[in-house]
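Here's a quick briefing to read alongside the model. Have the 3D view open and click along as you go.

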Amino acid sequence: MNRTRSLKIIVACALLMLLTAASAATPDKKDKAVGRLLFGKVLDPQDNPLPDAIVYVTNTRTRAVKTYIVSADGTYRFPALSTAVDYEVYAQYKGHKSETKSVSQFDDRAQVYLDLKVNIQ
């Protein structure tokens, strides 16, 4: 009887340790960032901001396009982009277009900063 009780205590302790280890290994969902932030500036070749430029972000899987009108300091931001999709981004200003840049799903950064240069000449 004493041996049975000792065996139950050992099994209970082992089960408790296993559950503790499993709960510690599982990340808490609220600690994980939701999506990716893409942000940066739209600039001319002399690094001056281009207010009112329009930034286009294209989801390469669905071809859905999001736009952002740049602020007075040239900044743009696209929060909560999927980390499981590739994106293409470019800017337009008064009929001129920047180079198209890519954001890969394999880039594991939560925040991606890209400056977009528009040759306005």
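A salt bridge here means a side-chain nitrogen of Lys or Arg within 4 Å of a carboxyl oxygen of Asp or Glu. By that rule, the side chains of Asp107 and Arg109 form one, at 2.6 Å from N to O.

Before going further, note that this is a predicted model: local features need pLDDT of at least 70, side-chain atom pairs count only at pLDDT 80 or more, and totals for chains, interfaces and linings use all residues. Residues are numbered from 1 along each chain as its sequence is written, and side-chain values use heavy atoms, with hydrogens and water left out.

**Salt bridges**

- Searching the whole structure turns up three salt bridges.
- (Buried is under 20% relative accessible area, exposed is over 50%, and partly exposed is in between, using a 1.4 Å probe and protein chains only.)
- Lys117 pairs with Asp47, and their closest N and O atoms are 2.1 Å apart. Lys117 sits in strand E9 (residues 116–117) and Asp47 in the loop between E1 and E2, so this bridge ties together parts that are 70 residues apart in sequence. (Helices, H or I with at least four residues, and strands, E with at least two, are DSSP runs numbered from the N terminus.)
- Both partners are partly exposed: Lys117 has a relative accessible area of 40% and Asp47 has 45%.
- Arg63 and Glu88 meet at 3.9 Å, N to O. This pair links distant parts of the chain, with Arg63 in the loop between E2 and E3 and Glu88 in strand E5, 25 residues apart.
- Arg63 counts as exposed at 51% relative accessibility, whereas Glu88 is partly exposed at 29%.

**Aromatic rings**

- There are four aromatic pairs in the structure. (Rings of Phe, Tyr and Trp, the last by its six-membered ring, pair if their centres lie within 6.5 Å; planes under 30 degrees apart are stacked, over 60 edge-to-face, and the rest tilted.)
- Phe39 and Tyr113 have ring centres 5.1 Å apart and planes at 75 degrees, so they're edge-to-face. Phe39 is in strand E1 (residues 36–43) and Tyr113 in strand E8 (residues 111–113), so the pair ties together parts 74 residues apart in sequence.
- Phe39 is partly exposed, at 24% relative accessibility, and Tyr113 is partly exposed too, at 39%.
- Tyr56 and Tyr90 are stacked, at 5.0 Å centre to centre with 15 degrees between the planes. Tyr56 is in strand E2 (residues 54–59) and Tyr90 in strand E5 (residues 87–93), 34 residues apart.
- Tyr56 counts as buried, at 18% relative accessibility.
- Tyr90 also has Lys97 over its face, 4.3 Å from the ring centre. (A charge sits over a ring if NZ of Lys or CZ of Arg is within 6 Å of the ring centre and within 35 degrees of the ring normal.)
- Tyr68, Tyr76 and Phe78 make up one aromatic cluster.

**Nonpolar core**

- The largest nonpolar core has 20 residues, of which Leu38, Val42, Val55 and Tyr76 touch the most other members. (Such a core is a set of buried Ala, Val, Leu, Ile, Met, Phe, Trp, Tyr and Cys residues joined through side-chain atoms within 4.5 Å.)
- E1, E2, strand E4 (75–81) and E5 each supply at least two residues of this core, and E5 gives the largest share, four residues.
- Leaving aside neighbours within four places in sequence, Val55 is in contact with residues including Val42, Tyr76, Val89 and Leu116. (Contact means heavy atoms within 4.5 Å.)

- Gly74 lies in the loop between strand E3 (65–69) and E4 and is buried, at 0% relative accessibility.
- Gly40, in strand E1, is buried as well, at 2%. The C-alpha atoms of Gly74 and Gly40 are 8.2 Å apart, across 34 residues of sequence.
- Gly40 and Tyr76 are 36 residues apart in sequence and 5.7 Å apart in space, C-alpha to C-alpha.
- Ser98 lies in the loop between strand E6 (96–97) and strand E7 (101–103) and is buried, at 6% relative accessibility. Not counting residues up to four places away in sequence, Ser98 touches Tyr90, Ala91, Leu116, Lys117 and Val118.
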